[in-house]
Amino acid sequence: CSTGIPFDGGLRCLCWKILLNYLPLEKALWSSFLKKQRDLYSQFLKEMIIQPGIAKANLGVSREDVTLEDHPLNPNPDSRWNTYFKDNEVLLQIDKDVRRLYPDMAFFQRPTDYPCLLILDPQNEFETLRKRVEQTTLKSQTVARNRSGVTNVSSPLKTTPNSLSEYEVLPNGCEAHWEVVERILFIYAKLNPGIAYVQGMNEIVGPLYYTFATDPNSEWKEHAEADTFFCFTNLMAEIRDNFIKSLDDSQCGITYKMEKVYSTLKEKDVELYLKLQEQNIKPQFFAFRWLTLLLSQEFLLPDVIRIWDSLFADDKRFDFLLLVCCAMLTLIRDQLLEGDFTLNMRLLQDYPISDVHLILKKAKELQDSK
């Protein structure tokens, strides 16, 4: 797998599910295991998405979350309304991020072949997350919480060019791929309140979902949402410390990993290391994004997917990522050695080499030269 998995026959999708510890190694267990997991995911949908906005009034049922003891103004922090409003803050942030996933590709804006029938059931007209966002945006200011926990309150009147109105609205019963990603992230945030949702997680779930939702095997493709959710959860279990600010300076945190990129570089190319030190180019300036998002922002999606073949296959779990970052630095060493601070920062924040095979080959050489 580390040398690149062929896409044919859905091989990559299958390998990733094994490498991310989702599928058991015993092939005979696959079908019963998958059925159990996919049923569990349906349960999550019923409890966390259908339940809060349960049914439309036209069914003669008023919203289940409007009761006397649970009025919207009830100050009790455990009230269902309070939870609903809190969830909306998280949902608005997720919504903003997933709508602009890979803007250079049409894929995420296109309708999925397998819309979630549980939610889009015309009989029940359940409230979709998109509807919930549209209603909430009208009522509130948009609250954005970035990685450092700073809250930016922006008025909904100052809409960004990517505002809701720019996207063509899909007909009833259809949903776009980005809406599926939104659901996955929302359920993850609900089930993991300790970390909830942090900007950047959308960039981790995007390539996983894209890979599973384009699986040539339709039996697997149909369940891309549930399978992506569990693979994403497993992957986050391994890299979530990068997203938790309070752990930044611990041994498992992101600062330690960024320093490790520099200490590895010092070992492999001391001249380049000293140059970056002399210009006071700290690894935070570029390696933070490289490491936290597993390089998903530095390359085009097909290349990200190829890099992830190697990362997921790494038995030391992402040690290889540090070597890939080092390889990226050494491959542009001549430009970095000649450049001044401004030029070098531009190079590192908008990485120039697009041939990922060259980068992976170099990373492998660094690994073998240990």
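Entry 1: I started with the largest cavity, which holds about 50 Å³ of space. I am working from a predicted model here. How many cavities of 30 Å³ or more are there? I get a count of one.

Next I looked up the lining of the largest cavity: Ile49, Ile119, Thr128, Leu129, Arg130, Glu175, Glu179 and Arg183. Two elements give two or more residues to that lining, namely helix H4 (129-139) and helix H5 (177-191). Sorted by class, I have four charged residues, three nonpolar and one polar in the lining.

**Entry 2: H2 against H8.** I then turned to a pair of helices. Two packed helices are described by the distance between their axes and the angle between them. For helix H2 (residues 30-50) and helix H8 (residues 224-239), I note axes that come within 9 Å and cross at roughly 95°. Angles of 65 to 115 degrees count as roughly perpendicular, so H2 is roughly perpendicular to H8.

Which residues make the contact? From H2 I list Leu34, Gln37, Arg38, Leu40, Tyr41, Phe44 and Leu45. From H8 I list Glu225, Ala226, Asp227, Phe229 and Phe230. By class, the contact of H2 with H8 has eight nonpolar, three charged and one polar residue.

Entry 3: Where do the two residues sit? Tyrosine 22 is in the loop between helix H1 (11-19) and H2, while phenylalanine 33 is in helix H2. They are eleven residues apart, and the pair links distant parts of the chain.

How values were computed. Residues numbered from 1 in each chain as written. Predicted model: local features only at pLDDT ≥ 70, side-chain atom pairs only at ≥ 80, totals over all residues. Heavy atoms only, no water. Axes fitted to C-alpha atoms, helices over the stretch in contact; angles between N-to-C directions. Helix = DSSP H or I, 4+ residues; strand = E, 2+ residues; numbered from the N terminus. Parallel < 35°, antiparallel > 145°, perpendicular 65-115°, else oblique. Contact = heavy atoms within 4.5 Å. Nonpolar A, V, L, I, M, F, W, Y, C, P; charged D, E, K, R; others polar. 1 Å grid on protein atoms, 1.4 Å probe; cavity = no way out; pocket = protein on both sides within 12 Å on 5 of 7 lines; lining within 4 Å. Points joined across faces, edges and corners; volume = space filled by probe spheres on them.
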